[in-house]
Amino acid sequence: MRRSSKKSSSSSAAAATAGPTRGVSKEIERIDQLFCTYADSSSSVIDPEGIEMLCSHLEVPHTDVRILMLAWKMGCEKQGYFTLDEWRTGLKALRADSISKLKKAFPELVQEVTRPSNFQDFYPYAFRYCLTEDKKKCIEIPVACELLNLVLGLQFHPQVDKLINYLKYQNEYKVINMDQWMGFLRFCNEINFPSLDNYDSDLAWPLILDNFVEWLREK
Amino acid sequence: MSGGGPPRKRNFKIEEFKNRVELNPKYAERTWKVLEHAIHEIYNHNASGLSFEELYRSAYNMVLHKYGEKLYGGLESTMTRRLKEISRSIEVAQGGLFLEELNTKWMDHNKALQMIRDILMYMDRTYVPSSSRTPVHELGLNLWRDHIIHSPMIHSRLLDTLLDLIHKERMGEVINRGLMRSITKMLMDLGPAVYQDDFEKPFLEVSASFYSGESQEFIQCCDCGNYLKKSERRLNEEMDRVSHYLDAGSEAKITSVVEKEMIANHMHRLVHMENSGLVNMLIDDKYDDLARMYNLFRRVTDGLLTIRNLMTSYLRETGKQLVTDPEKLKDPVEFVQRLLNEKDKHDKIINVAFGNDKTFQNALNSSFEYFINLNNRSPEFISLYVDDKLRKGLKGATEEDVEVILDKVMMLFRYLQEKDVFEKYYKQHLAKRLLSGKTVSDDAERSMIVKLKTECGYQFTSKLEGMFTDMKTSQDTMQDFYAKKSEELGDGPTLDVHILTTGSWPTQPCPPCNLPPEILTICDKFRSYYLGTHSGRRLTWQTNMGTADIKATFGKGQKHELNVSTYQMCVLMLFNSTDGLTYKDIEQYTKIPASDLKRCLQSLACVKGKNVLRKEPMSKDISEDDTFYFNDKFTSKLVKVKIGTVVAQKESEPEKQETRQRVEEDRKPQIEAAIVRIMKSRRVLDHNSIVAEVTKQLQARFLPNPVVIKKRIESLIEREFLERDKTDRKLYTYLA
């Protein structure tokens, strides 16, 4: 734990927000400073360009799932943008105030996210993160496929592979809603693959999965 | 045998006992001898010389002086000896005399036994019970049984003789039934065990093999009907036999033997017999044969089930062929009539031959329900049938006839799974009937509506009834219109408007066409009149549904009255100002949609006898480059010529698709409403239960597809009416 120091923050962006003045630990200072490196000066948020830069510094591709996990840790609301508060929340929790520390924190972050209790929260978060407009409740199939790969691809590669194929092949559904999205996770967790022997279409599986299973069985 | 004579009159004197009662064993022996002698005499038919009183007293004394055992023993041995002699005499009897001899001797023995029992009555009442011996009468029977019936020489011969006689009778000979009766009665008297073991059991066995053989023989050479006749005959014979000379208890046993051998063992072969089995009987309406089969088969296990199963599969097969044969589907009215005929035919069979057996009625109903729904055009066709009847088929029919026919149609309607499809078509056809005024009887129409209401409830028919109301209201409106506006209208064309309430009628959106100016004037007058009395309403002219009567004068001055559709009127009126017009001209002036216009022109120019227009070129089809001319060479024998009546017809393929699609669309909200209703009351429910409940709720209208139900559930989840239960993934919860 760092000792608090009397060094005052010098960034204008930090001064603009109503942050703690006294007792600001060096950590927070450094976190804020880091924020400023990437934030857009006019909007005071890190925009997609800034994120890209961040990613290159972290040596992580910006489409990598770890960025998504970071967003989750931060509690980001809008895809492609990090606010100061969110940035603070995330980095504080990761106890990282520099790029190198952030990089080092990733493996632990991944472990944390993949713990079942957290994953149950992360998974729907990933979906919501992709909703581009406020009122929208569904994401398009291609986006869904990408997301599936990202989020579940490692853990459940065979299922995700087949599922993505099916989603691209079928044309009954053009979008995926949250209910179906959650259904995918449940499917991967509960159903034996590739035997599918414990799948019972009489139970309350979303119709899209019934069709998927039928398609698989026919092949 | 005579009793003591009348007492002689003497001087009253008390005398000493003449007979000293002595305990002398010699006395007992002497007394016994007397009795023994008597027994023999009885058997020798010499009983008349005996004194009953004396013998009774002798026996009485023996028992009294404790010589009961001697008496009993003596009786037993004497009778036994006697019976052994009798046995020998029976044994030597030849041929047919054997039974007679047996019978005679039996009669004798019974008589003798009676007398002996009377003499030994005191012993029977005192000594016998106290020493637990068999009473005299029973003893006599047992001895008879042991020494006569069970004597080795007689036992098997008796059985063989009886069985032989029965066999002869079965083969057609006449036998002495009275004698048989006597013998079997004898066996029964000797004890049911004797009757059963020594006669009945072997009798049943022999009968079984007899009938087994006979049934094999018959089934090779007889057709089903004749075989059943023979079986029935045999069955009746056996029952007759029992009533005449067997014990009544044998009836059930022998009939079940016959039933088993002749019916049960050959059930399947009989019903499936080629050219004469059940199916042929059904086809040829062989009521007698069918009734016989029913009555015989109901006696055996699964007999009726066998008939019913075959009947069901035959009906389903025939029905299936009927509804899938494209030839038979060409004419919907014919098709439905054929269905009704089939139903009538089989109803009659069940009524006349199967005694209105409910299980058969049910089998018939389930078969019809099965195959009628194999063809998804059945609802449409049944509606067309009713349309045909209400349009012309029931012309001149009495009220009863109408009811009968409509009731029969309702029977078919009940079998439909997709009643909502029927409703859609019925509405369409009814609309056409009402608007063209082509219904044969208003009462018949209403009767049909009432029947539908009774069957399906108010909601099914509320719109149909609305249509009738509209027709009546329109009439009233028109009367009022002319009453109020007659001066204003003067000599213009006469207008008759039907005002249809949107929602009750199956109207399609209709783009307005250009009406001839004369018509337009009066239409506008009507519109202002109507909206004057009904402000806030909106009127839209349905130019695709109207008709017009036009007077036309042709080349040589022939006048005809043409009955045409509104579109046709628009087209024809154009020719008042010019003789020839191109297709494009007509299209431009009238603004009638292309497909309707083509149909319209086709009926005006290409139909023989109705070609009031001439087309160039003279091809069959309408093309956009055609030119049309007023045909002043038109002739017709009729003064009034009908062109283009809007008759209900079986839909074309694209129309059918469209209707089907609309039906599917209509079903979605109904399914959703059912789901919401169910979830509102149950709060939490699993998937299968929802599907089952929804199906149950909607089955009166149609059979919902489980996949569609699932889709609707998901849609409701998306719209946050329901959600998946968080803990048990099989359940859905209602979101208030």
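Me: UniProt positions are given in the numbering used here, feature names are shortened, and annotations may be inferred rather than shown by experiment. With that understood, at which residues of chain A does UniProt place the feature "domain: DCUN1"?

Reply: The model is predicted. In the UniProt record, an unreviewed entry, "domain: DCUN1" is placed at residues 26-217 of chain A.

Me: How many helices and strands does chain A have, and in what order do the elements run?

Reply: Chain A has 11 helices and 2 strands. Read from the N terminus, the order is α-α-α-α-α-α-α-β-α-α-β-α-α.

Me: Which feature does UniProt place at residues 377-605 of chain B?

Reply: The record, again an unreviewed entry, gives "domain: Cullin family profile" for residues 377-605 of chain B. That segment is 63% helix and 7% strand, with its end C-alpha atoms 33 Å apart.

Me: How is the size of an interface expressed, and what area is buried between chain A and chain B?

Reply: Interface size is often given as the accessible area lost when the parts come together. Between chain A and chain B about 1300 Å² is buried, and carbon and sulfur atoms give 47% of this area. On the side of chain A, Asp179(A), Ala204(A) and Leu207(A) lose the most area to chain B, together 39% of what that side buries. Counted by residues, the contact takes 17 from chain A and 13 from chain B.

Me: How many salt bridges and polar residue pairs link the two chains, and which helix of chain A supplies the largest share of its side?

Reply: A salt bridge here requires a Lys or Arg side-chain nitrogen within 4 Å of an Asp or Glu carboxyl oxygen. There are 3 salt bridges between chain A and chain B. One of them pairs Lys710(B) with Asp210(A), whose closest N and O atoms are 2.1 Å apart. Helix 10 (178-190) and helix 11 (207-218) of chain A each supply at least two residues of the side that touches chain B. The largest share, 4 residues, comes from helix 10.

Technical notes:
Residues numbered from 1 in each chain as written. Chains lettered and ligands numbered in written order. Predicted model: local features only at pLDDT ≥ 70, side-chain atom pairs only at ≥ 80, totals over all residues. Heavy atoms only, no water. Contact = heavy atoms within 4.5 Å. Buried area = accessible area lost by both parts, 1.4 Å probe.
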